[in-house]
Amino acid sequence: MESIALAFSLVADPYVLGVILASSLFGLFVGAIPGLTATMATALLVPVTFFMPSVPAVAAIVSCTAMAIFSGDIPGALLRMPGTPASAAYTDEAYRMTRKGQAELVLGAGLVFSAIGGLLGTLVLVTAAPALAEVALNFSSFEYFWLVLLGLTCAVFIASDRPLKGFVSLLLGLLLATIGLNNPAAHPRFTFGSDDLLGGISFIPLMVGMFAVSEVLRFVVSTGESRLTLAQERFGNVFAGQWALIRRYPLAIFRGSAVGTAIGALPGAGADIAAWISYAISKRFSKTPEKFGTGHVEGVVESGAANNGALSGAWIPALVFGIPGDSITAIAIGVLYMKGMNPGPAIFLNNPENIYAVFIVFFLANLLMLPLGLLAIRLYKQILRVPRQALMPVILAFCMVGSFAINNTAFDIGVMLVAGVAAFFMERNGFPIAPLILGVVLGSMFEENFATSLIKAEGSWLAFFERPIAGALGVFTILVWLSPFALRILRRPRP
């Protein structure tokens, strides 16, 4: 109890509270700009943390990333341009709600359920970190293979109204993921002699192009009313109706938080995969799956909770074993070492007050998200007042800056523009772009774990089912594949 009281006094320091507030505002700003990710926001903060004591330094990382993950939802809902990759899974759903005049509902859902997911994830982090970390460490290439395959299966549920076109889109994404040296043999593939393609297709420029540039092109060829005007007409209190959603979707909230935390705890997974899988699970088990893709809030509720739940989950292996759960915690681990808070089981014995202070910051950051998120939404709302003829060129300029900033190369701007044109024509012909994005996200991870598992098993396919967790995941994945056929047989009218 003495350590906990000392932790509260450390966080209550005005300097620490000021750092949390400033970092939160910075995260909100960076996350809301398409192309500038939460990872980038964290990396930009690292030089500033050199001059801070340990608790405010880690507090800056935690509060910044929590806000950035949420604020990526704002441009996704209002402009169909996700600010961060974690928001891409439900951007289309959120934007369709905005076009239906439900901007305040979807933005409020993104805010409220991101905070709830973060709080529930933090609760798991505080109470069950060692146990979950032990489970996560049991994941080998076999378990990751089935997990990624289950994630790829989500593409079928995401595009269930157009399964064939969704499958073609997924294959295109997997094809793009094979470009470059990111393969088990490190042999150049589909580079066509270009040095720029040796590193593969950067995901951020691709995502920004497919969502943002395609929307700019759609505006250029459109002749009707501005979609932004439609969003402005009925933009009211974002908290209105949120309590009703909590009462209506309690299972979705807990399921999204649990899935997000569990996937976040797996090294290398992260919020992106958690959001896609949670959205697909939400659609699969919804009582009204036919409403998904038309502007339905249920998927946003579950995926939004998964996003920030995964953020908390990623800290579980980072704190207990010093193994990063995602790119953000990889940066955070460096800050922990720099400040003498070496991750590992001993951190709970040697520096208990510091680690309890970090837990308190997690709770505080997610609670602070509600008022600061409301402020960010109201400020972002002013964008809707800008004439679209002036707004679209500015958005395109931001997208170009964000794409260039990833690798500091003009080649990524070309990737963004080509992806935007391709997405524009794909959608005009009924091909969904979400499965393609999913294929790019999971493609290299799928190939790497598949090849590694085959090498370990010396070519034996039975090895994919021999380990308990791998076998359970494998059987579950196969059952998911067979479920549509089983349902079709069961629903067939009897003679």
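Tutor: Start at Asn307. Leaving out residues up to four places away in sequence, Asn307 touches Ile69, Asp73, Ala86, Ser87, Tyr90, Ala271 and Ala275. Contact here means heavy atoms within 4.5 Å. The model is predicted, so local features need pLDDT of at least 70 and side-chain atom pairs count only at pLDDT 80 or more, while totals for chains, interfaces and linings use all residues. Residues are numbered from 1 along each chain as its sequence is written, and side-chain values use heavy atoms, with hydrogens and water left out.

Where does Asn307 sit? Its place is in helix H15, residues 297-313. Helices are DSSP runs (H or I, at least four residues), numbered from the N terminus. Asn307 has a relative accessible area of 1%, so the residue is buried. The cut-offs are under 20% for buried, over 50% for exposed, and in between for partly exposed (1.4 Å probe, protein chains only).

Next, the charged pairs. Side chains of opposite charge can pair when their charged atoms come close. A salt bridge needs a side-chain nitrogen of Lys or Arg within 4 Å of a carboxyl oxygen of Asp or Glu. By this rule there are six salt bridges. One of them joins the side chains of Asp92 and Arg80 (2.7 Å, N to O). This pair links distant parts of the chain, twelve residues apart: Asp92 is in helix H6 (residues 91-99), and Arg80 is in the loop between helix H5 (73-79) and H6. Asp92 and Arg80 are buried.

Arg80 has another partner. With Glu427 the closest N and O atoms are 2.4 Å apart, again a salt bridge. Here the partners are 347 residues apart: Arg80 in the loop between H5 and H6, Glu427 in helix H21 (residues 411-428). Arg80 has a relative accessible area of 4% and is therefore buried. Glu427 is partly exposed, because its relative accessible area is 25%.

Glu143 and Arg467 make a further salt bridge, with the closest N and O atoms 2.8 Å apart. Glu143 is in helix H8 (residues 141-158) and Arg467 in the loop between helix H23 (463-466) and helix H24 (468-491), so this pair ties together parts that are 324 residues apart in sequence. Glu143 counts as buried, because its relative accessibility is 1%. Arg467, at 32%, counts as partly exposed. Shared partners join Arg80, Asp92, Arg218 and Glu427 into one network of salt bridges.

Stay with helix H23. Ala463 is found there. Its relative accessibility is 8%, so Ala463 counts as buried. Ala463 touches Phe142 and Ala457, not counting residues up to four places away in sequence. Ser453 is ten residues from Ala463 in sequence, and their C-alpha atoms are 8.2 Å apart in space.

Now the nonpolar side. In soluble globular proteins, nonpolar side chains tend to be buried together. The largest nonpolar core has 107 residues, and Ile74, Leu107, Met210, Leu245 and Ile437 touch the most other members. Helix H10 (residues 203-221) gives the largest share of this core, eleven residues. A nonpolar core is a set of buried Ala, Val, Leu, Ile, Met, Phe, Trp, Tyr and Cys residues joined through side-chain atoms within 4.5 Å. Take Ile74. Not counting residues up to four places away in sequence, Ile74 touches Leu107, Ala376, Ile377 and Tyr380. Another core lies apart, with 37 residues, including Cys64, Ile347, Ile355 and Ala357.

Finish at Arg255, in helix H13 (residues 250-264). Its side chain makes a polar contact with the side chain of Glu302 at 2.9 Å. Apart from neighbours within four places in sequence, Arg255 is in contact with Ile281, Ser282, Phe285 and Glu302.

Technical notes
Helices (H or I, at least four residues) and strands (E, at least two) are DSSP runs, numbered from the N terminus. A polar contact is a pair of N or O atoms within 3.5 Å; within protein, one must be able to donate a hydrogen and the other to accept it, and residues adjacent in sequence count only if both atoms are side-chain atoms.
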